[in-house]
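Please keep the structure open while reading.

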Amino acid sequence: MSEKGVLAQSRIYFHTASPFAKKALYYLISGGNYVCSIPYEINRDNLPQFLLIYIKSGRMELHYKNNVKIVKKNNLILLDCNEHHIYRALERTTFDWLHFKGNASSAYFDLLYKNSECVISLANNWTIANYINQLLTSMKQNNVDEHSASILLHKIFYELEIISNHSPDSQDEAIRRVILYIENHFMENITIEDLAEYAQLSPYHFSRVFKKYTNLSPHQYLINTRITHAKELLYFTTLPINEIAFKCGFNSSAHFITTFKKHTNLALNQFRKMKF
């Protein structure tokens with residue numbers, strides 16, 4: 001590497017997009033896995049490309065549109081390189097990066113910039129880092145499937161939009177609404193996709209936020225809710241088992257019996273005979 005501050009273990013990869021990709025897809029131009037130290041610095045403009053930088057360790061200083069930000073580990077930088085920008089390593093910094101173009105990149109950038117001003121926290125979000133790694137690996141192996149790469153870039157934009165458009169407070173409120181929804185609809189056939197749609201989050205992001213908030217997966221929380229209501233019906237009523245199973249959202253008596261025993265270590269008749 002001839003760039004100042006770019007250490008020897010750094011790697012850079014290139015891809016030459018097909019005419020079809022340039023016309024119809026998001027497409028890769030270059031990317032890399034960099035390890036840098038002072039005096040690494042990029043100062044440029046008028047580059048008709050977009051740039052993603054995922055910081056894995058260390059810190060960078062970013063100058064963009066009259067703003068200066070210190071960007072730390074587990075943050076992602078998104079830049080329109082036509083605009084003047086400067087970024088530099090403030091210490092030993094490890095990061096993955098991708099240059100790309102195509103399709104609706106400019107429109108997506110404008111949408112994300114409005115919500116995040118170039119820097120988005122990826123704390124607890126490993127999906128985007130995984131997508132970036134998949135794209136870099138395909139360039140490293142000189143085996144880029146341009147349609148797949150376009151889909152992965154679109155998935156990155158989608159995840160970034162979800163993150164940038166939902167503050168922690170709004171996410172907490174969304175989870176509280178979902179919990180109330182479960183309490184009122186646990187007897188129905190509810191899927192993770194249903195709950196995520198109700199929360200207006202992607203299924204992956206919803207599951208991650210829900211578990212952070214409740215210490216349970218959405219499925220575990222739903223089952224616990226069903227078991228709790230089943231206990232009430234078993235203790236306070238003489239309803240038959242199959243009717244309780246139906247009222248609590250289980251698709252069969254057998255499934256209800258098995259699930260109840262798994263979660264309580266008690267058979268249904270044992271629980272009904274217990275004195276509290």
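## Burial and the predicted model

A residue counts as buried when its relative accessible area is under 20%. The model is predicted. Phe250, at 5% relative accessibility, therefore counts as buried. Phe256 counts as buried too, at 0% relative accessibility.

The rings of these two residues form an aromatic pair. The ring centres of Phe250 and Phe256 are 5.0 Å apart. Their planes make 35°, so the pair is tilted.

## Strand β4 and its partners

How many of the 8 residues of β4 are buried? The count is 6, so the strand is largely enclosed by the rest of the structure. β4 pairs with strand β9 (residues 93-102) in the antiparallel sense, over 7 bridges. In that pairing, Ile53 stands opposite Trp97, and Phe50 has Phe100 as its bridge partner. β4 also pairs with β7, again in the antiparallel sense, over 5 bridges. There Leu51 stands opposite Leu79.

Leu51 sits in strand β4 (residues 50-57). Its relative accessible area is 1%, so Leu51 is buried. Leaving out residues up to four places away in sequence, Leu51 touches Arg44, Ile77, Leu78, Leu79, Cys81, Tyr87, Trp97, Leu98, His99 and Phe100. Met187 is another matter: its C-alpha atom is separated from that of Leu51 by 47 Å. Along the chain, Leu51 and Met187 are 136 residues apart.

## The four-stranded sheet

A further open sheet has 4 strands, in the order β3-β8-β5-β6. The pairing is antiparallel. Its edge strands are β3 and β6 (67-72), and each pairs on one side only. The twist from one strand to the next averages 15°.

Strand β5 (residues 59-64) pairs with β6 in the antiparallel sense over 6 bridges. Arg59 stands opposite Lys72 in β6. Met60 has Val71 as its bridge partner in β6. β5 and β6 form a hairpin with 2 residues between them. Lys65 lies in the turn and has a positive phi of about 50°.

## Aromatic contacts

The structure holds 20 aromatic pairs. Take Tyr40 and Phe95: their ring centres are 5.9 Å apart, and their planes are at 40°, so this pair is tilted. Which parts of the chain does the pair link? They are distant parts: Tyr40 is in the loop between β2 and β3 (41-44), and Phe95 is in strand β9. The two are 55 residues apart. Tyr40 is buried, and Phe95 is buried as well.

One aromatic cluster is formed by Tyr26, Phe50, Tyr64, Phe100, Tyr108, Phe109, Tyr113 and Phe157. Phe50 and Phe100, both in this cluster, are also bridge partners.

## Helices α8 and α10

Helix α8 (residues 218-236) packs with helix α10 (residues 253-264) at an angle of about 100°. Their axes are 11 Å apart. The angle makes α8 roughly perpendicular to α10.

Which residues of α8 meet α10? They are Ile223, Asn224, Ile227, Ala230, Lys231 and Leu234. On the α10 side, the contact is made by Phe256, Thr259, Phe260, His263 and Thr264. The contact residues divide into 6 nonpolar, 4 polar and 1 charged.

Note on methods. Residues are numbered from 1 along each chain as its sequence is written. This is a predicted model: local features need pLDDT of at least 70, side-chain atom pairs count only at pLDDT 80 or more; totals for chains, interfaces and linings use all residues. Side-chain values use heavy atoms; hydrogens and water are left out. Axes are lines fitted to C-alpha atoms, for helices over the stretch in contact, and angles run from 0 to 180 degrees between N-to-C directions. Angles under 35 degrees count as roughly parallel, over 145 as roughly antiparallel, 65 to 115 as roughly perpendicular and the rest as oblique. Contact means heavy atoms within 4.5 Å. Ala, Val, Leu, Ile, Met, Phe, Trp, Tyr, Cys and Pro count as nonpolar, Asp, Glu, Lys and Arg as charged, and the others, Gly among them, as polar. Buried means under 20% relative accessible area, exposed over 50%, partly exposed in between (1.4 Å probe, protein chains only). Two strands pair if DSSP finds at least two bridges between them. Rings of Phe, Tyr and Trp (its six-membered ring) pair if their centres lie within 6.5 Å; planes under 30 degrees apart count as stacked, over 60 as edge-to-face and the rest as tilted.
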